[in-house]
Amino acid sequence: MKDQPITGADVVAAVKAATITRTKEWAAQTHCACDRLFASNGPMTGDVARRLGVGMAKAKTLLDKAENANLLAKNSRGGQCRWWPIGYLAELKQAAQGAVQGAA
C-alpha cells in the first residue's frame, strides 16, 4: 500500500477490518439505524493506522479526508476518535438477515 496512494475506499476497508467481530454482531442486531450515532462503537484511530500501515499523523489525515467525503462518521470523546463507515450498519444488518434466510 505504501507505493500507491491510499484511497477513501482503502480507508473504509481498514475501518471495517479493524472493527471487532462482537461489535459487528451487535450492530447487525441493534435497533439503531444511524451510522453517526453508532460511530462511538467503531475502532480508534490507532487501530486503523495499524491496518493501513501508516503512522498516526497520516492516518488522521486520511480519516479526516474520508469523513469530509462523507465516507466515515467520527466520534470524538476524551481525546480519542472512533470511526464508523457510513452505510455499514445497513450492510451488516442485511448480511445478517441474508444469513438467517439462507439457514431457513
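Does Asp47 count as buried, partly exposed or exposed, and what is the relative accessibility behind that class? Asp47 counts as partly exposed, at 26% relative accessibility, where buried means under 20% relative accessible area, exposed over 50% and partly exposed in between (1.4 Å probe, protein chains only).

## Basis of the model

This is a predicted model, in which local features need pLDDT of at least 70 and side-chain atom pairs count only at pLDDT 80 or more, while totals for chains, interfaces and linings use all residues. Residues are numbered from 1 along each chain as its sequence is written, and side-chain values use heavy atoms, with hydrogens and water left out.

## Salt bridges

The structure holds three salt bridges, each a side-chain nitrogen of Lys or Arg within 4 Å of a carboxyl oxygen of Asp or Glu. Asp47 pairs with Arg50, their closest N and O atoms being 2.6 Å apart; both residues lie in helix 4, three residues apart, about one turn of the helix, and Arg50 is exposed at 62%. Helices (H or I, at least four residues) and strands (E, at least two) are DSSP runs, numbered from the N terminus.

Lys16 and Glu91 meet at 2.9 Å, N to O, and because Lys16 lies in helix 1 and Glu91 in helix 6 (residues 88-103), the pair ties together parts that are 75 residues apart in sequence.
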